[in-house]
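Student: I have a model open on my screen and I'd like to learn how to read it. Could you walk me through it?

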Amino acid sequence: MVQPIHLPENVLETRSGPNSYAAVVLGGTFDRLHDGHRHLLKASADLATERVVVGVCDEPMLVKKELSELIQPIEVQMSVVHDYIKSVKPALLVQVEPILDPYGPSIVDENLDAIIVSKETLAGGLSVNKRRAERGLPLLKVEVVDLLSEESGGEKLSSTALRRMEAEKVIMHKHKMDIPAEAQWLDIQGQARNLLERERIG
């Protein structure tokens, strides 16, 4: 029976100062790069002095996402992520690669110092350290970044919401071509109510 791994308390950080680590890692889906993504990537760049490693979720990890067929090609996401980090801190070595599981390079690269997560993905960061411990690799500091800025008014941006909006535009365009104006308006109202309801539930 595998014994549980207890992580040292000092592994978890709320947020260290700039240039605290040589190399940091993070991962996720960076579809339609928005301010939440930029906040996470900028925090990663600020914390690193030499290298930022980013795992971008590839197809096997996207199949259960809503409107997955509208997610941008991984090549587009990787390029945008690389260019944005470079725009924040040009001197950094930026390594962006596709990942087929929740761990990617975070559990094989022994020269990492910290993993950057949001509050929503904290459990994933802790899971990474458990896997590293099992492999005999040094544990990473877990840096938690709050994606809700004061400017956002407490509303977290979502790539899923952006894909929904795009889908709605396609539907509305199609309906404008096929149905009378009065029916178009009633249909748009219904779609808007459905969208707001999904946002409320989500």
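This is a predicted model: local features need pLDDT of at least 70, side-chain atom pairs count only at pLDDT 80 or more; totals for chains, interfaces and linings use all residues.

Student: Which residues have the most contacts inside the largest nonpolar core?

Tutor: In soluble globular proteins, nonpolar side chains tend to be buried together. In this model the largest such core has 25 residues, and L26, F30, L41, V52, V54 and I85 have the most contacts inside it. At least two core residues come from each of β2 (21-28), α1 (35-47), β3 (48-57), α2 (74-88), β4 (93-99) and β5 (114-118). There's also a second, separate core of twelve residues, V25, V53, L112 and V117 among them.

Student: What is V52 in contact with, leaving aside its neighbours within four places in sequence?

Tutor: V52 touches V24, L26, S44, A45, I85, L92, L93, V94 and Q95.

Student: How many Å apart are the end C-alpha atoms of α1?

Tutor: They're 18 Å apart, which agrees with the 18 Å that 13 residues should span at 1.5 Å a residue. An α-helix has 3.6 residues a turn, so residues three or four places apart point the same way. Now look at what's buried in α1: G36, H37, L40, L41, A43, S44, A45 and L47.

Student: Which loop holds N19, and is N19 buried or partly exposed?

Tutor: N19 sits between β1 (12-13) and β2. Its phi is positive, about 55 degrees, although N19 isn't a glycine. With a relative accessible area of 45%, N19 is partly exposed. R32, in the loop between β2 and α1, is another non-glycine residue with a positive phi, near 50 degrees. R32 counts as buried because its relative accessibility is 15%, and the cut-off for buried is under 20%.

Student: Do β5 and β6 run parallel or antiparallel, and how many bridges join them?

Tutor: They run parallel, joined by five bridges, and I116 stands opposite E143 in β6. The chain gets from β5 to β6 through helix α3 (residues 122-134), in a right-handed β-α-β crossover. Four of the five residues of β6 (residues 141-145) are buried, so this strand is largely enclosed by the rest of the structure.

Note on methods
Residues are numbered from 1 along each chain as its sequence is written. Side-chain values use heavy atoms; hydrogens and water are left out. A nonpolar core is a set of buried Ala, Val, Leu, Ile, Met, Phe, Trp, Tyr and Cys residues joined through side-chain atoms within 4.5 Å. Buried means under 20% relative accessible area, exposed over 50%, partly exposed in between (1.4 Å probe, protein chains only). Contact means heavy atoms within 4.5 Å. The expected span of a helix is 1.5 Å times one less than its number of residues. Two strands pair if DSSP finds at least two bridges between them. A crossover is right-handed if, with the strands pointing away from the viewer, the path from the first strand over the helix to the second runs clockwise.
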